[in-house]
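Here is a brisk report on the model shown below. Keep the structure open and follow the headings in turn.

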Amino acid sequence: MIIIKSPEDIKKLNYACNISADVLQYAGEQINAGMSTYELDKLIHDFIIAHGATPSFLGLYGFKGNACISINDEIIHGIPSKKKIIRSGDIVSVDVGAAINGFTGDNAYTFKVGAVSPTAEKLLRVTNECLYLGIAAAKPGNRVGDIGYAVQKHAEDNGFFVVREFVGHGVGKDMHEEPEVPNFGRAGHGVRLVPGMTIAIEPMINEGTVKIKQMPDGWTVKTADGSLSAHFEHTIAITQDGPVILTKPSGSL
């Protein structure tokens, strides 16, 4: 069931999303070559707690980190580890959410660590453009397929590949609500978008293949060919006036 949010619900969700955006911005400022993903995850945890919220991902479906931290060919769900060291030239996806007052935010960004390859630069640029094209398509009266079509077309026009197995989703009191929001699809098809819907749009775009592989840890997902992957995400609200991004930093940093 798709949950239509009241203005008060969206106000509460927006507050959770502001903290989620603040911590994501903070994570990007703290990433350094030589640090472990465990160290970064601990900083993320402490930031969320200091702002009166709780880490949305910790314990979700049994996940043991405060954020999903995925490097280079890891698409999503990287488990923070003392053994996983961030290197100069890496691209690092941080997917994180903060929960407060009964609602949760959800957002992701893929950061550059030092100078990265031209291919990585293009992949990051195009994936971020895919996110904003998807958001632009999230107008009341449009359909979920319009979002997916916008993302897929831009990615494939630039020679990249859209992950099929993992998709965006509704967000609210729960991290994952209906509807599913694929990053591929046919324009004019799927669930109709109406004011009061709140969704996470999150393109996951691969450099070299559409195929993925699940790692033995049961969480980490990588590209099947070892090529790079990028992931960007915003939580948005559908309003009468169009889509509104909720995961914007509060300006408190």
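## Cysteines

A disulfide is a pair of cysteine sulfur atoms within 2.5 Å. A search of the whole structure turns up 0 disulfides. Cysteine 68 shows why: its sulfur lies 16 Å from the closest cysteine sulfur, that of cysteine 17, which is too far for a bond.

Burial comes next. Buried means under 20% relative accessible area, exposed means over 50%, and partly exposed is in between (1.4 Å probe, protein chains only). Cysteine 68 has a relative accessible area of 6%, so it is buried. Cysteine 130 is buried too, because its relative accessibility is 0%.

## Model and conventions

This is a predicted model: local features need pLDDT of at least 70, side-chain atom pairs count only at pLDDT 80 or more, and totals for chains, interfaces and linings use all residues. Residues are numbered from 1 along each chain as its sequence is written, and side-chain values use heavy atoms, with hydrogens and water left out.

Helices (H or I, at least four residues) and strands (E, at least two) are DSSP runs, numbered from the N terminus.

## An open sheet and a hairpin

Two strands pair if DSSP finds at least two bridges between them. An open sheet is formed by 3 strands, in the order 3-14-13, with antiparallel pairing. Strand 3 and strand 13 (212-214) are the edge strands, each pairing on one side only. From one strand to the next, the twist averages 40°. For such angles, axes are lines fitted to C-alpha atoms (for helices over the stretch in contact), and angles run from 0 to 180 degrees between N-to-C directions. Strand 3 and strand 14 (residues 221-223) run antiparallel and are joined by 2 bridges. Isoleucine 76 has valine 221 in strand 14 as its bridge partner.

Strand 16 (residues 234-239) and strand 17 (residues 242-245) also run antiparallel, with 4 bridges joining them. They form a hairpin with 2 residues between the strands. Alanine 237 has its bridge partner in strand 17, namely valine 244.

## Helix 4

Does the length of helix 4 agree with expectation, or disagree? The expected span of a helix is 1.5 Å times one less than its number of residues. Helix 4 (residues 144-157) has 14 residues and should span 20 Å; its end C-alpha atoms are 20 Å apart, so the two agree. Just after helix 4, glycine 159 takes a positive phi of about 85°.

Which residues of helix 4 are buried? They are Val144, Gly145, Asp146, Ile147, Gly148, Ala150, Val151, Gln152 and Ala155. Their cover includes helix 3 (118-136), strand 8 (161-162), strand 10 (177-181), strand 11 (198-201) and strand 12 (204-206).

## Salt bridges within helices

A salt bridge is a side-chain nitrogen of Lys or Arg within 4 Å of a carboxyl oxygen of Asp or Glu. By this rule the count is 7 salt bridges.

Lysine 153 pairs with aspartate 157 in a salt bridge, with the closest N and O atoms 2.8 Å apart. The two sit 4 residues apart in helix 4, so about one helical turn separates them. An α-helix has 3.6 residues a turn, so residues three or four places apart point the same way. Lysine 153 is partly exposed at 40% relative accessible area, while aspartate 157 is exposed at 54%.

Helix 2 (residues 37-50) holds both lysine 42 and aspartate 46, 4 residues apart, about one turn of the helix. They form a salt bridge, and their closest N and O atoms are 2.8 Å apart. Lysine 42 is partly exposed, at 41% relative accessibility. Aspartate 46 is partly exposed as well, at 34%.

## The lysine 84 salt bridge

Lysine 84 lies in the loop between strand 3 (74-76) and strand 4 (91-96). Lysine 84 forms a salt bridge with glutamate 74, the closest N and O atoms being 3.2 Å apart. Glutamate 74 is in strand 3, so the pair ties together parts that are 10 residues apart in sequence.

Is lysine 84 buried or exposed? At 18% relative accessibility, lysine 84 counts as buried. Glutamate 74 is buried too, with a relative accessible area of 8%. Contact means heavy atoms within 4.5 Å. Leaving out residues up to four places away in sequence, lysine 84 touches Met35, Ser36, Thr37, Ile69, Ile71, Glu74, Gly78 and Ile79.
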